[in-house]
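Hi,

Here is the model I said I'd pass along.

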Amino acid sequence: MSLAEIVEPKEYAPSYLLSTFSTAALPLVVGAGAAPHVDVLCSWLRSSPEWVESTLLRHGAILFRGFDVTSPEAFEAIARSIDGELKNNYLGTSPRNALTDFVFSASELPGAYPIPQHCEMSFTKHPPRRLFFCCLRAPADGMGETPLVDFRTVYRELDPAVRERFENGGIRIIRNYAGPGGGGTFDLWKLKRWDEMFATTDRAEVEKQCQAEGFEPIWGPGQSLRLVSTQPVFRDHPISGERVWHNHTQVFHLSAAPGEYERIYDLRPTLRHWLLLQLSRVLVRVNRAWRSSDEQSMHCTYADGREIPDADMEHVRDVIWHNLVIIPWRRGDVVAIDNHSVAHGRLPYHGARQIAVCWA
Ligand SMILES: [Fe+2]
C-alpha cells in the first residue's frame, strides 16, 4: 500500500528553528498525503512491523502528521497498531489524568514548568520500550513543544572525563513524597503524593513495589516517604547494543530548573522566561542553603553521595541541547519513540494545550 509521503523534518520547521536541527534523521516524518484516515494508517502499520521496528531502531522516532486523529481512542488505536502490549502502570513524577484505560494526559504540571529531557521511567527496573505522544490540542502560543534528543549521540558526545565521573559507580536518586491527605508546605519542586504514584495507601504494597523496582523506602514523620535508589547512568540498547545515556540526572538534579530556563531564555528571550530564570535561581539558592541533599523534593548525587559538580551538569545539558530537535505540535500529530534510545522533554507554554501519552 502506498500510504506515506516521507519527508525530512526540517521541511516542517519554521525558519527560526532550523538552527536547532543538528540531528536531521530524528524523527522520520510520515505525512498523510491523500489518505488521512486513522484506520488506513493502523492497517498499514499492522502490516508493516518490520518497517516500524527497523525505522524506530535507526531514526529513534517517527512522527505521523496530517492524519485525522481527534480523540484519545484514535491515538490508542495507532499506538496499538505499533505495539499491542500497552501498559498503564506509571511510577514517574508527572501528575497525569486518565483519558482511556491506557492513554493519559502527558503532564498536568503548569505550562511554565520546563521538563528536561529524559527517557521515560529510566529510573525503574524495566522502562517502557516504546512511548507515544499525540497532540489533541496544539498550544495557541505555538510553544510547548515536546523536543526529542537521541541519547545514543549524547552518550558519545559527552566529555570522556565527565562521563567517567558519572560512570564510576553511577548515581543516587533521592525523592521525597507527602502521603495521603498531606500537602505539606509550598514548594515548586513538590512531587505528587506517594499514594497517587503507587495507586495505593497500603504501605506494605508500596514496599513491595519499591522492592521490585530497587527503591529503598524510608518512612518519615507523618505520612512522608523518601525513596532512594542507585543506578548506572547508561543502558545498552537491547537490540543494537549501542550504549545510551539513560538516566534522569538532568531532571532530578536540584540545578535542573535554572539550567533549563537559561537555555530556554537563550532560545526565546522573553520577559516571562527571564523572570522564571531569576525566580528559579533564587529558589535553588534558598533550597541549597536550607535543606540537605536528602531533604530536597528530588535530587541526585553520585552513587557514593558526593555532589555532582554544577559544571558537569552544565556540560550534560550543553550536549543535550546541542542535539535538541524541536518541532511545533500540530493537532493530530502522533509520535512513536524508541524509549531505549531517544529522550523527550517539554518546553514552557502559556494557554490551552492537550498532549496525550501512552507506552508499551
Ligand atoms: Fe516523560
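Let's start with a sheet: four strands make up an open one, in the order E9-E10-E8-E13, with antiparallel pairing. Two strands pair here if DSSP finds at least two bridges between them, and helices (H or I, at least four residues) and strands (E, at least two) are DSSP runs, numbered from the N terminus. E9 (216–219) and E13 (298–302) are the edge strands; each has a single partner strand, so one side of each has no neighbour in the sheet. On average, neighbouring strands in this sheet are turned by 20° against each other, direction ignored. E9 is joined to E10 (residues 225–231) by four bridges, and the two run antiparallel. Isoleucine 218 sits opposite arginine 226 in E10.

Residues are numbered from 1 along each chain as its sequence is written.

Now the helix pairs. The axes of H9 (residues 256–267) and H10 (residues 271–290) come within 9 Å and cross at roughly 160° (axes are lines fitted to C-alpha atoms, for helices over the stretch in contact, and angles run from 0 to 180 degrees between N-to-C directions). H9 and H10 are therefore roughly antiparallel (angles over 145 degrees count as that, and those under 35 as roughly parallel). Their crossing is left-handed, meaning the near helix is turned anticlockwise from the far one by less than a right angle.

H1 (residues 38–46) and H3 (residues 72–82) have axes that come within 8 Å and cross at roughly 15°. That makes H1 roughly parallel to H3. This crossing of H1 and H3 is left-handed. H1 brings Val38, Leu41, Cys42, Leu45 and Arg46 to the contact, and H3 brings Ala74, Ala77, Ile78, Ser81 and Ile82.

Last, confidence. The protein chain averages a pLDDT (the predictor's confidence in each residue, from 0 to 100) of 89, and 91% of the residues score at least 70. Strand E1 (residues 5–7) has the lowest confidence, at a mean of 41, and strand E12 (residues 243–245) the highest, at 98. Over residues 1–23, pLDDT stays under 50. Where pLDDT is low, the predicted coordinates should not be read in detail.

Cheers

Technical notes:
This is a predicted model: local features need pLDDT of at least 70, side-chain atom pairs count only at pLDDT 80 or more; totals for chains, interfaces and linings use all residues. Angles under 35 degrees count as roughly parallel, over 145 as roughly antiparallel, 65 to 115 as roughly perpendicular and the rest as oblique. Two residues are in contact if their C-beta atoms, placed from the backbone, lie within 7 Å.
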